[in-house]
Amino acid sequence: MIWNVPAETMPRDDLAALQASRLQALVRRVDERVPFYRQAFERAGVRPEQIRTLADIRRLPWTRKTDLRDHYPFGLFAVPRDQVVRLHASSGTTGKPTVVGYTRADVQMWAEVCARCLAAGGGRPGDVFHNAYGYGLFTGGLGMHYGAELMGMTVVPVSGGNTERQLLLIGDFQPRVIACTPSYMLTLAEAALARGLDPRRLSLRFAVLGAEPWTEAMRRQIERLLPVRAVNIYGLSEVIGPGVSNECVEAQQGSHVFEDHFLVEVVDPRSGEPLPPGEVGELVFTTLTKEALPVIRYRTGDLASLDPSPCRCGRTLARMSLVVGRTDDMLIIRGINVFPSQVESVVVQFPELSPHYQLRITRERTLDDLEVRIEADPSGDGGAAADRGAALEARVTERLRGVVGIHIRVRVVSPGSLPRSEGGKLRRVIDERTS
Ligand SMILES: [Zn+2]
């Protein structure tokens with residue numbers, strides 16, 4: 001079902017007009033209330049009244065995670081602190097966490113977009129909803145909680161961890177919808193199997209999964225192990241938390257961005273230039289309606305592509321692909337952006353190959369050379385005849401060229417021959433270029 005039909009099925013021209021007027025109001029508001037933005041606009045040589053159309057957004061400066069950290073804790077808030085009814089924070093790997101705030105209206109908007117996510121993912125009013133996202137400073141648990149209550153679901157606020165208890169509650173309360181990370185969904189299925197329970201007999205029918213990157217291969221595995229349709233949910237605390245976008249269960253082909261609240265751009269991570277639909281680049285969001293902590297052109301570091309074409313579910317909102325990687329992981333080979341996850345997406349298509357691979361980049365004079373070494377699947381015959389190996393390498397090379405757009409040399413190596421680091425993990429990329 002579609003939770004908010006007028007908003008989610010709006011003709012795209014009307015949507016663009018709504019976004020433009022919200023953008024104008026936003027720019028005036030932050031210019032007035034947030035010194036950081038006023039100074040950033042001055043440095044960029046842009047005045048609020050010059051932002052009239054959506055295309056004008058390109059005149060506005062970026063906001064980055066470091067800007068939030070530099071103004072810790074409340075320096076970027078656009079309302080007095082006593083109008084903030086909620087704080088959340090993300091754990092920083094280095095130093096201070098990133099703090100985000102919500103007004104009462106922000107909390108309501110957040111619940112609305114999370115209700116849209118649950119509806120897109122197959123949830124309906126009256127369903128029992130098993131919410132296994134973490135509660136607390138992390139946005140996942142409470143964001144989904146409020147969305148589910150708004151919809152009128154029966155929320156089980158189980159939070160993360162304690163898999164034994166989770167299985168017990170799923171058995172007793174018979175939830176139809178679950179939300180958690182994709183890896184935890186697999187953990188639950190495996191824990192059920194380990195206890196002699198058939199996970200295919202669980203009551204769950206729909207799984208809204210996110211908060212970590214995942215792949216189509218994982219989706220297939222989850223849908224094979226459990227009686228669910230699995231959809232992706234995307235969000236980040238700097239923009240709102242969960243609820244920025246969600247896949248529809250009808251198509252399962254990209255997450256509809258709630259563009260009436262979150263204006264999305266996909267840009268080249270190096271040049272900042274906008275990229276056309278279908279091309280992978282960095283996701284950039286502008287919050288059009290948020291009061292306490294609006295962000296302008298926030299650089300997420302997440303890599304995905306955008307598809308604005310109509311969807312069979314009836315929503316007109318553009319769809320973003322699964323996040324294929326982070327800008328920090330991007331390689332530049334002969335001027336082309338290459339992501340290790342693109343290579344991985346090809347490797348998993350070949351049953352003869354294991355998911356253990358390594359990328360090696362060398363430079364001969366001025367020309368970059370990329371080679372991928374992939375371990376053969378140990379369940380195969382191991383000593384595959386050389387001519388079959390060569391044929392396989394040729395097929396993988398061809399498929400990689402289609403996905404990545406450049407020639408990559410492929411070498412299939414024997415199982416276990418690539419070096420593992422201490423944690424058993426592979427060092428995926430060896431860059432031997434000297435400059
Ligand atoms: Zn759809």
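Analyst: In this predicted model, the largest nonpolar core comprises 96 residues, and Ala207, Val208 and Phe285 are those with the most contacts inside it. Helix α5 supplies the largest share of this core, namely ten residues. A second, separate core has 17 residues, among them Ile333, Val338, Val346 and Val410.

Leaving aside residues up to four places away in sequence, Val208 touches Cys117, Leu118, Gly121, Val177, Ala179, Val231 and Ile233. Cys117 and Leu118 also take part in the contact of α5 with helix α6.

Helix α5 spans residues 104-120 and helix α6 spans residues 139-151; their axes are 7 Å apart and meet at an angle of about 75°. Angles of 65 to 115 degrees count as roughly perpendicular, and α5 and α6 therefore fall into that class. On the α5 side the contact is formed by Val107, Trp110, Ala111, Glu112, Cys114, Ala115, Cys117, Leu118 and Ala119, while α6 contributes Gly143, Met144, Tyr146, Gly147, Ala148, Leu150 and Met151. By class, 13 of these residues are nonpolar, two are polar and one is charged.

Ala211 has a phi near 75°, a positive value in a residue other than glycine. Because 23 other C-beta atoms lie within 10 Å, Ala211 counts as buried. Gln174, in the loop between α7 (163-173) and β5 (177-180), likewise has a positive phi, near 55°. Gln174, however, has 12 C-beta neighbours inside 10 Å and therefore counts as exposed.

A further backbone feature is the cis peptide bond between Tyr72 and Pro73, with omega about -10°. Pro73 is located in the loop between α4 (65-70) and β1 (86-90).

Strand β11 covers residues 281-287 and is joined to β10 by six bridges, the two strands running antiparallel. Within this pair, Glu265 stands opposite Val284 in β11. The open sheet has four strands in the order β10-β11-β12-β15, with antiparallel pairing. β10 (262-267) and β15 (325-326) stand at its edges with a single partner strand each, so one side of each is left without a neighbour in the sheet.

Methods
Residues numbered from 1 in each chain as written. Predicted model: local features only at pLDDT ≥ 70, side-chain atom pairs only at ≥ 80, totals over all residues. Axes fitted to C-alpha atoms, helices over the stretch in contact; angles between N-to-C directions. Parallel < 35°, antiparallel > 145°, perpendicular 65-115°, else oblique. Contact = placed C-beta atoms within 7 Å. Nonpolar A, V, L, I, M, F, W, Y, C, P; charged D, E, K, R; others polar. Pairing = 2+ DSSP bridges. Core = buried A, V, L, I, M, F, W, Y, C linked by C-beta atoms within 7 Å. Buried ≥ 20, exposed ≤ 12 C-beta atoms within 10 Å, placed from the backbone.
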